[in-house]
Amino acid sequence: MQRFITRNAKFVGDVRGCLSQRCYSQFGLASKKDDDDMMINHPRMPHFDYSPPPYNGPSADEILNKRREFLSPSMFYFYEKPLNLVHGKMQYLFDSSGRRYLDAFGGIATVSCGHCHPDVVDAIVNQTKRLQHSTILYLNHAIADFAEALASKLPGDLKVVFFTNSGTEANELAIMMARLYTGCHDIISLRNAYHGNAAATMSTTAQSIWKFNVVQSGVHHAINPDPYRGLFGSDGEKYAKDVEDLIQFGTSGRVAAFMSEAIQGVGGIVELAPGYLPAAYSTIRKAGGLCIADEVQAGFARTGINFWGFENQGVVPDIVTMAKGIGNGIPLGAVVTTPEIAQVLTHHNYFNTFGGNPVCTSAGLAVLKVIEKEKLQENAHVVGSFLKERLMAIKNKHEIIGDVRGRGLLLGVELVTDRKLKTPARAETLHIMDKMKGKFLLNHHPLSCCYIKPYILTLVYLFGLKIWES
């Protein structure tokens, strides 16, 4: 384990070393007294041999005023005082005053290789200099090379790739393909699921905070196989019986597809009960449906032992959707399916102007190479296992921690005010979020559930563990 932790940061030894040196950017610190106060009152991050250039842009208040005037009024912010982040380097983010934060959020599980990873940046810059965009009606090796590399990561006959611009768009396309292929309209997804905010994906999403009162048809939500809050604990096969009941009593007996994540991301890092997906997939296929695996958050080695979340349940889907970690922050998504299913889009014209853009696909290929070269899948397993073990130890000491769950570096900690009743600790979670920010750790909770989600693939220094005890 130690060699993975120390590859990108000198681990525990640097905590002691920080007592005699500044362990964060020096920009923006008003005086030595401020420096000393911060050293005394905050956990000490390891030395990081990098300081960002001084920031000379608009203030946080100026940016906030512009956002309020010119951007969507539905935008929300994680903290009482929003951060003005201006620079990123590997596992760290820097605000406009130069303060350094450990990023355990990763841009909603998007920054899979670390902020501004040089290999990914070089791929983007070099491709941009050569050819920034052209229609995919012309030949260019970038899209073909990435499609081949991506297909090599998937099992079975999953080898035909359709590129999109986001996870929502990928899931929309997957649902349409399933309906066209099967000739059925009905989709089964899970309660507590999140699959996007467009027409069909909003239908499959089952959290009221992400749904609007618009027409949403043909989707049935099965009981969520949640080992912590669910009716049947960790008995996946009992939950899967509800899928069979939905088909029998809510459809014609034939369905288009079943869509699920293996670990629900926005839903609070809920890992589906063991044995659930094999049983559910079997039921769906008997009803003529396809099985869609949403790997937008769990994919790209984040869960550690396996490259894809669905592999942890020993299943092979018919369609896999992905985004977020695929491009390390570049707008990119993909749908991968079999040659037979892919044929449904040849009956009419299907086209995506920006899906397969050479800059985006060059970034995607670079991400795959970095994951392999730096052994980030193994790193996620080793460091994530250590982090989970430490979180479990803290849970045993603090009643407010109701559950610790997840795999690799897709982990969740649920806070409750009553362990027996499992009452969500909403106000307490918001308070802890701000306290974490004050100790230079950035994290996130979905507003619908108030879970805390520490998940970034490049998290290599675990100073954040101490904040749970402070």
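## Residue A287

In this predicted model, A287 counts as buried because its relative accessibility is 4%, which falls under the 20% cut-off for that class. A287 is found in the loop that lies between α11 (276–286) and β10 (290–294).

Leaving aside its neighbours within four places in sequence, A287 is in contact with I247, G253, R254 and V255. The C-alpha atom of A287 is separated by 9.1 Å from that of E244, although these two residues are 43 residues apart along the chain.

## The sheet

Seven strands form an open sheet with mixed pairing, and their order is β4-β12-β11-β10-β7-β5-β6. At the edges stand β4 (160–164) and β6 (219–222), each of which has a single partner strand, so one side of each is left without a neighbour in the sheet. On average, neighbouring strands of this sheet are turned by 20° against each other, direction ignored.

Within the sheet, strand β5 (residues 187–190) and strand β7 (residues 257–260) run parallel and are joined by two bridges; I188 has F258 of β7 as its bridge partner. Helix α10 (residues 236–250) packs on the sheet, where it touches β5, β6 and β7, and its direction makes about 150° with that of β6.

## Helices α6 and α13

The axes of helix α6 (residues 118–130) and helix α13 (residues 358–373) come within 8 Å and cross at roughly 155°. An angle over 145 degrees counts as roughly antiparallel, and α6 and α13 are therefore roughly antiparallel to each other.

The contact is made by residues of both helices, including A123 and I124 of α6 and A363 and A366 of α13. By class, this contact of α6 with α13 has nine nonpolar, three polar and two charged residues.

Notes: Residues are numbered from 1 along each chain as its sequence is written. This is a predicted model: local features need pLDDT of at least 70, side-chain atom pairs count only at pLDDT 80 or more; totals for chains, interfaces and linings use all residues. Side-chain values use heavy atoms; hydrogens and water are left out. Helices (H or I, at least four residues) and strands (E, at least two) are DSSP runs, numbered from the N terminus. Buried means under 20% relative accessible area, exposed over 50%, partly exposed in between (1.4 Å probe, protein chains only). Contact means heavy atoms within 4.5 Å. Axes are lines fitted to C-alpha atoms, for helices over the stretch in contact, and angles run from 0 to 180 degrees between N-to-C directions. Angles under 35 degrees count as roughly parallel, over 145 as roughly antiparallel, 65 to 115 as roughly perpendicular and the rest as oblique. Ala, Val, Leu, Ile, Met, Phe, Trp, Tyr, Cys and Pro count as nonpolar, Asp, Glu, Lys and Arg as charged, and the others, Gly among them, as polar. Two strands pair if DSSP finds at least two bridges between them.
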